[in-house]
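Me: Hi! I'm new to this one and would like a friendly walk through it. Could you take my questions as they come?

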Amino acid sequence: MKRKILIAIICLISGMRAFAGDGEKYFGIQTGVMYPRIYNITLSAEKETNYHNAYEFYVDYATQWDKCPECGKVCSKSFWSTRYSYAFGGAYKYAIKRGKNNVLRFRAGGDLGSNNKSFALGVEVGFEFVQTFNNRMQFVVQQKNEVTFWGKPTFKNGLLIGVRVPF
């Protein structure tokens, strides 16, 4: 009788699919600076696929600062200026190098949005380094290069850091 139960358990376990991090879902926030004089913040939702590749959907806000004409410095009035942009987009991230708890990915994507109250289309490429901790939270360093059509500045590149939490 015990032998039949043991065989049934082994058959049941061997028929199950095993997941090693595939299909994980994350909510993230990244922030950083970009050239030329741009502060960027991104909220994202990500789903990992097989072999640590991932899809990401994001909302991106950027403001370009300049010196204030009144005080000659960068103040809150000139930092949160009228030169801003926001966009909604998506990216596919291909895993280049995987470690035990980290992954280096190449990311490519596009976004649609508004730049100074006019339509803008952006195409971006870059790299992303992700370190995963024991509680499944992730620390992210993202290098971002973006070309914006029908908006200014046309070229942006910079570095963003952030965290992702599983959901």
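Me: Let's start with Val-163. Where is its place?
Reply: Val-163 sits in strand E8. Keep in mind that this is a predicted model.

Me: Which residues make the nonpolar surface patch?
Reply: Val-163 is one of them, and others include Phe-27, Leu-43, Tyr-86, Phe-139 and Ile-161. The patch covers about 1100 Å².

Me: Which elements give two or more residues to it?
Reply: Those are strand E1 (25-35), E4 and E8. E8 gives the most, with three residues.

Me: Okay, new topic: how confident is the prediction, as a mean pLDDT?
Reply: The mean pLDDT of the protein chain is 85, and 86% of the residues reach 70 or more. Over residues 15-20, though, the pLDDT is below 50, and that stretch has zero contacts in the model beyond near neighbours in sequence.

Me: Now the strands. In which sense do E4 and E5 pair?
Reply: Strand E4 (residues 84-98) and strand E5 (residues 102-115) pair in the antiparallel sense, over 13 bridges. The two form a hairpin, with three residues between them. As one example of the pairing, Ala-95 has Arg-105 in E5 as its bridge partner.

Me: And over how many bridges do E5 and E6 pair?
Reply: E5 pairs with strand E6 (residues 118-132) over 14 bridges, in the antiparallel sense. Here Ala-108 stands opposite Val-125 in E6. E5 and E6 also form a hairpin, with two residues between them, and Asn-116 in the turn has a positive phi of about 55°.

Me: Switching to charges: how many salt bridges does the count come to?
Reply: The count comes to 16 salt bridges. One of them joins Lys-93 and Glu-46, whose closest N and O atoms are 2.3 Å apart. Lys-93 is in strand E4 and Glu-46 in strand E2 (residues 38-48), so this pair links distant parts of the chain, 47 residues apart.

Me: Why do Lys-93 and Glu-46 count as buried?
Reply: Lys-93 counts as buried because its relative accessibility is 0%. Glu-46 counts as buried because its value is 3%, and the cut-off is under 20%.

Me: What about Glu-56 and Arg-164?
Reply: Their side chains meet in a salt bridge, at 3.7 Å from N to O. Glu-56 lies in strand E3 (residues 54-64) and Arg-164 in strand E8 (residues 155-166), so the pair ties together parts that are 108 residues apart in sequence. Both residues are buried.

Me: And how do Asp-60 and Lys-144 meet?
Reply: The side chains of Asp-60 and Lys-144 form a salt bridge too, at 3.2 Å from N to O. Asp-60 is in strand E3 and Lys-144 in strand E7 (residues 138-149), 84 residues apart. Asp-60 and Lys-144 are buried.

Me: Which residues do salt bridges with shared partners join into one network?
Reply: Glu-46, Lys-93, Glu-56, Arg-164, Asp-60 and Lys-144 are among them, and the network also includes Arg-105 and Glu-124.

Me: Last one: is Glu-146 buried or exposed?
Reply: Glu-146, in strand E7, is buried, because its relative accessible area is 5%. Leaving out residues up to four places away in sequence, Glu-146 touches Asp-111, Gly-122, Val-123, Glu-124, Thr-154, Phe-155 and Lys-156.

Methods:
Residues are numbered from 1 along each chain as its sequence is written. This is a predicted model: local features need pLDDT of at least 70, side-chain atom pairs count only at pLDDT 80 or more; totals for chains, interfaces and linings use all residues. Side-chain values use heavy atoms; hydrogens and water are left out. Two strands pair if DSSP finds at least two bridges between them. Helices (H or I, at least four residues) and strands (E, at least two) are DSSP runs, numbered from the N terminus. A salt bridge is a side-chain nitrogen of Lys or Arg within 4 Å of a carboxyl oxygen of Asp or Glu. Buried means under 20% relative accessible area, exposed over 50%, partly exposed in between (1.4 Å probe, protein chains only). Contact means heavy atoms within 4.5 Å. pLDDT is the predictor's confidence in each residue, from 0 to 100. Patches are made of residues with over 30% relative accessible area and no salt bridge: like charges are joined within 9 Å, nonpolar side chains (Val, Leu, Ile, Met, Phe, Trp, Tyr) within 5 Å. Accessible areas come from the Shrake-Rupley method with a 1.4 Å probe; for residues, only the protein chains shown count as cover.
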